[in-house]
Amino acid sequence: PLAAARSWLTELAITGWRGVGHDLAAAGGRPVEATLAVAPLRRLAVLLDGLAGELAASCPVATMPAVPARRWADLWARAVLLAQDTADVADRAAAERVSGRLLVLGVDVHEHATAVQVQVHGVLEPSGGAPARLVRTAVAATKVDTIVGPALWRLLADHPVLLAALAERRALEVTDLPLAGGDLWCLDGLARA
């Protein structure tokens, strides 16, 4: 999936914004579909879907009086960074493993027509007396654009421990979770409220 995403992003760079037509915008659907199928790559999938959607809605871009070049360049650059092999979070073996108590500070809900992501920000108090760390973790699900509001939470039913901790305003005890930088992989089997 990452190779498909990089290929489409490269084609956009070669073509340039003014050269984007219906075919190139529609070609973004293949990497979106491929990355949506891999749960850890859904953040990239949503970003690619948004960029492809904006390009498709603006086609042919050559006829636009003004191109939102800064916005599209920002979306493109973020997608390129997420599509690198180093951003492939499926390689959990290389990540640091942590255990301890996760205190939730806040939650961001990122909603798109085809996906929803809940990003949890918190303080991890590692067991063993190591200094506390600011971390974040995210869970995502695909959706249709008619699912909005409180119904979004039902889409995240695969993460009952995290959802219960959020609903009950409780800390989480985590055991041996992968941590890369400040990103904590949320694995419900390794956490309890």
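**Strand pairing, cores and surface of a predicted model**

Strand 4 and strand 6 (residues 191-192) run antiparallel and are joined by two bridges. Strands (E, at least two residues) and helices (H or I, at least four) are DSSP runs, numbered from the N terminus. Two strands count as paired if DSSP finds at least two bridges between them. The model is predicted: local features need pLDDT of at least 70, side-chain atom pairs count only at pLDDT 80 or more, and totals for chains, interfaces and linings use all residues. Residues are numbered from 1 along each chain as its sequence is written, and side-chain values use heavy atoms, with hydrogens and water left out.

Within the pairing with strand 6, V174 has A191 as its bridge partner. Strand 4 also pairs with strand 5 (residues 183-184) in the antiparallel sense, over two bridges. The bridge partner of V98 in strand 4 is L177.

The overall architecture comes to six helices and six strands. Their order along the sequence is α-α-α-α-α-β-β-β-α-β-β-β. The C-alpha trace spans about 60 × 35 × 25 Å along its principal axes. Contact was defined as heavy atoms within 4.5 Å. Among contacts between residues at least 6 apart in sequence, 59% join residues at least 24 apart.

Burial was assigned from relative accessible area: under 20% is buried, over 50% exposed, and in between partly exposed (1.4 Å probe, protein chains only). By this criterion, 37% of the 193 residues count as buried. Nonpolar cores were then traced as sets of buried Ala, Val, Leu, Ile, Met, Phe, Trp, Tyr and Cys residues joined through side-chain atoms within 4.5 Å. The largest such core has 27 residues, of which W8, V20 and L55 touch the most other members. Two or more residues each come from helix 1 (2-15), helix 2 (22-27), helix 3 (29-36), helix 4 (42-58) and helix 5 (69-82). Helix 4 gives the largest share of this core, seven residues. Beyond its neighbours within four places in sequence, L55 is in contact with W8, L12, W17, V20, A25, V61 and W72. A second, separate core holds 21 residues, including V135, L156, L162 and A191. A191 is also the bridge partner of V174.

Accessible areas come from the Shrake-Rupley method with a 1.4 Å probe; for residues, only the protein chains shown count as cover. The protein exposes about 10300 Å², and carbon and sulfur atoms supply 56% of this area. Patches were built from residues with over 30% relative accessible area and no salt bridge, joining like charges within 9 Å and nonpolar side chains (Val, Leu, Ile, Met, Phe, Trp, Tyr) within 5 Å. A salt bridge is a side-chain nitrogen of Lys or Arg within 4 Å of a carboxyl oxygen of Asp or Glu. V107, V109 and W153 form a nonpolar surface patch, with about 230 Å² of accessible area together. V107 is found in strand 1 (residues 96-112). V107 counts as partly exposed because its relative accessibility is 33%.

D74 lies in helix 5. D74 is partly exposed, at 37% relative accessibility. D74 and L51 are 23 residues apart in sequence, and their C-alpha atoms are 9.9 Å apart in space.
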